[in-house]
Every structure is written in structure tokens, then in C-alpha cells.
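Here are my notes for anyone opening this one for the first time. Have a look at the picture, then read the points in order.

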Amino acid sequence: MKRHAPLAASLLVAVLAAAGCSTAANPIQRAGGSADVFTGEYPIDVVCTIGQVAEMARRIGGQHVRVEALMGPGVDPHLYSPVASDARKLKEADVILYNGLHLEGRMADLFVQMARTKATFAVTEGLQQRRDKRLREPPEFEGLYDPHVWHDPALWADCVSDVAAILAKFDSPHAADYQANAAAYRAELAELDKYCRDELAKIPPDRRVLVTAHDAFGYFGAAYGVEVHGLKGISTEEEKDLVHQERIQRMLIERKIPAVFVESAVAPRTVASLVEPCRAAGLDLKIGGELYADAMGPADSDAADYAGMIRHNVRTIVAALQ
Ligand SMILES: [Zn+2]
């Protein structure tokens with residue numbers, strides 16, 4: 001894979017400002033948000049951050065959009081810094097969609113800046129505006145909401161409706177298409193939600209404990225009655241806390257939990273370090289497999305799309321804890 005030097009977000013802002021990111025063909029002003037209307041040539045260029053958001057944009061936008069994701073499989077969005085080529089993509093985009101709630105921590109300021117001159121939206125904006133009761137406010141995340149909302153397909157389905165409304169307003173001639181595409185996608189997510197519920201019910205209640213590298217599965221746990229523990233906090237940027245790790249080790253041993261899980265975008269050693277001390281204490285602890293926490297899988301994997309990602313996680317968890 002070609003490596004690019006990371007570009008500081010502040011520098012990227014300056015580059016985009018100098019280039020004049022609002023072109024004559026696309027005079028978007030966000031004063032009150034009412035002037036976000038597409039006047040360019042189809043397809044609409046949509047630039048997204050994570051794969052889950054890109055899939056949502058593709059499914060809702062259908063033939064009217066061309067979608068690109070900045071972050072591919074195995075990329076950790078908490079640590080991602082925009083590279084030079086991202087500046088060009090963001091500058092040329094008609095719409096920018098990102099997850100928000102500080103998932104893309106190193107790009108958060110950039111998106112706030114870009115929203116002044118370009119149609120730039122967090123797909124979780126609606127949840128936040130409605131103060132959705134399901135939004136988690138983990139005490140260790142300093143007053144911010146937990147950004148990993150896609151792990152609850154029902155919550156993600158509400159983001160689908162919000163993005164459909166955004167596109168319908170931005171490109172009103174195709175509003176009916178966006179609404180119809182969103183309805184079809186939501187129906188798939190409802191089916192996925194039922195699958196998760198049915199499958200996870202196969203794990204004995206006292207073993208519904210999910211230990212992973214970082215605290216990404218809070219919404220998943222809340223939706224399906226699974227107790228979750230991350231070795232690191234909400235952001236992978238946090239350092240591992242050894243006192244916290246020992247507490248998790250004791251819990252695993254006392255409750256005879258058979259497996260813990262590595263994540264595709266976090267170094268496996270974070271979780272592997274639990275195995276030896278637990279085995280020394282007589283617990284036959286296994287690595288239950290790899291979960292896709294923040295990034296979907298490669299194109300040739302069973303987690304190449306959103307539903308595949310969720311199903312892979314559920315299958316892996318049920319097989320190891322059942
Ligand atoms: Zn995360």
C-alpha cells in the first residue's frame with residue numbers, strides 16, 4: 001500500500017481555504033443550512049470517512065451519487081490524520097459525510113471549518129440534535145457521546161433516515177429516490193437487528209460478556225443485553241490502564257468467561273496480554289477471534305459490507321462464548 005505523509009488538519013484547512021473550496025458551480029452556503037442545494041453536474045460527488053458511512057451514502061444515493069471513502073479496511077478512525085490526497089478529494093467533493101461524535105478525532109476541527117463553505121454533515125447529527133435517549137455518555141469520554149453507533153443496527157437505521165433527508169433537501173429533484181432507497185436499506189437493517197437478537201440469545205446469560213481491545217461495543221451491548229469491557233477506552237488513542245486490565249482479568253477468572261476478542265484495526269497484543277495471566281490462574285482463556293470494531297473488512301472478506309461486518313461479529317462472539 002502506498003503511504004502518504006500525514007497532513008496536519010490545520011494545514012489542510014489552510015490549503016483548502018487558499019484553493020477556495022466553494023466553486024462557482026457549487027455555491028453552497030450553510031447560513032442556517034437552507035442554502036445547501038446541489039447545482040452541479042451528476043453524479044453528486046460524496047466523500048466519506050469510514051466505510052460504514054460510505055456504504056450508507058451509496059445505498060441511499062444510488063445512481064445519483066459517486067461515493068469515495070477516505071478510510072479503508074483496517075484503518076483506525078480515531079488515529080487517522082488526513083493525507084495530502086485527501087485535501088484534493090475534500091476540495092472537489094459536493095457533499096462530505098462523516099460519522100461525527102468525535103470518532104474522526106483528528107479531523108473534527110477540519111469538518112467544522114469545512115461546514116462553513118461546503119455541504120458537510122455528520123450522519124449522527126440528527127441523533128445528537130434529538131438528544132436520542134440511546135446515545136451513550138461514557139464518563140471516561142469527558143462529556144462526549146460514544147461515537148460507535150453503527151453497532152446498533154436500529155440506531156444506525158435512524159442515521160439512514162437522517163442522511164436521506166439531507167440528500168433529499170440537497171438534491172430535491174431526486175428526493176423520492178433517496179427516500180425509497182433509504183426505506184429499502186432500513187428494512188435490511190431491521191432484519192439484521194432481528195438476526196443479532198436471535199443469535200446472541202444462544203449464549204447462556206451468565207456468559208454474555210464481551211471483552212475487546214477498546215470500548216467500541218457499548219451500543220451493541222445495550223441493544224442486545226451483552227456486558228462489554230474494553231481494555232482501552234472509547235478512543236484507541238488512550239493508553240491502556242493496568243489497574244483496569246487487572247480488574248478485567250479478575251472478572252474473567254471469577255466468572256469463568258471462556259474467550260476475549262481482538263479487533264481488526266488494533267494491534268492484537270492489546271488483548272493477547274490477558275491470556276497468560278488468566279491461564280496462570282487456571283482459566284482456559286482463548287482468543288475468540290477477530291471482530292470488526294471501527295472498520296469493515298477487506299473486499300474479499302465476509303465483512304466487506306456493513307451487514308457482513310455485524311454478522312461476522314455476532315457469529316464470532318456466539319461461537320466463542322456459547
Ligand atoms: Zn473506536
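1. Where is histidine 102 found? Histidine 102 sits in the loop between strand E3 (95-98) and helix H4 (108-114). Bear in mind that this is a predicted model. With 20 other C-beta atoms within 10 Å, histidine 102 counts as buried, because the cut-off is 20 or more. Leaving out residues up to four places away in sequence, histidine 102 touches Ala108, Leu144 and Pro147. Proline 147 is 45 residues apart from histidine 102 in sequence, yet their C-alpha atoms are 6.5 Å apart.

2. Most residues other than glycine have a negative phi, and most peptide bonds are trans. Histidine 102 has a positive phi, near 70 degrees. Arginine 131 also has a positive phi, about 45 degrees, and is not a glycine. You'll find arginine 131 in the loop between helix H5 (125-129) and H6. Arginine 131 is exposed, with 8 other C-beta atoms within 10 Å. Then there's the peptide bond from tyrosine 42 to proline 43, which is cis, with omega near -5 degrees. Proline 43 belongs to the loop between helix H1 (9-19) and E1.

3. On to the strands. E1 (residues 44-48) and E2 run parallel and are joined by five bridges, and valine 46 stands opposite valine 67 in E2. To get from E1 to E2 the chain passes through helix H2 (residues 51-61), making a right-handed β-α-β crossover. In a regular strand the side chains alternate between the two faces of the sheet. Strand E2 (residues 65-69) has Val65, Val67 and Ala69 on its covered face, while Arg66 and Glu68 are on the uncovered one.

4. What about the inside? The largest nonpolar core has 84 residues, and Val46, Ile60 and Val163 are among those with the most contacts inside it. Helix H6 (residues 153-170) gives the most to this core, with nine residues. Both domain 1 (9-194) and domain 2 (198-321) supply at least three residues each. Setting aside its neighbours within four places in sequence, isoleucine 60 has contacts that include Val160, Val163, Tyr178 and Tyr185.

5. Last, helix H7 (residues 175-200). At 1.5 Å a residue, its 26 residues should span 38 Å, and the end C-alpha atoms are 37 Å apart, so the two agree. The buried residues of H7 include Tyr178, Asn181, Arg186 and Leu200. Among the elements covering the buried residues of H7 are H2, H6, helix H8 (218-224) and helix H12 (306-321).

Technical notes: Residues numbered from 1 in each chain as written. Predicted model: local features only at pLDDT ≥ 70, side-chain atom pairs only at ≥ 80, totals over all residues. Core = buried A, V, L, I, M, F, W, Y, C linked by C-beta atoms within 7 Å. Buried ≥ 20, exposed ≤ 12 C-beta atoms within 10 Å, placed from the backbone. Helix = DSSP H or I, 4+ residues; strand = E, 2+ residues; numbered from the N terminus. Domains from an automatic or database assignment. Contact = placed C-beta atoms within 7 Å. Pairing = 2+ DSSP bridges. Right-handed = clockwise from strand over helix to strand, strands pointing away. Expected span 1.5 Å × (residues − 1).
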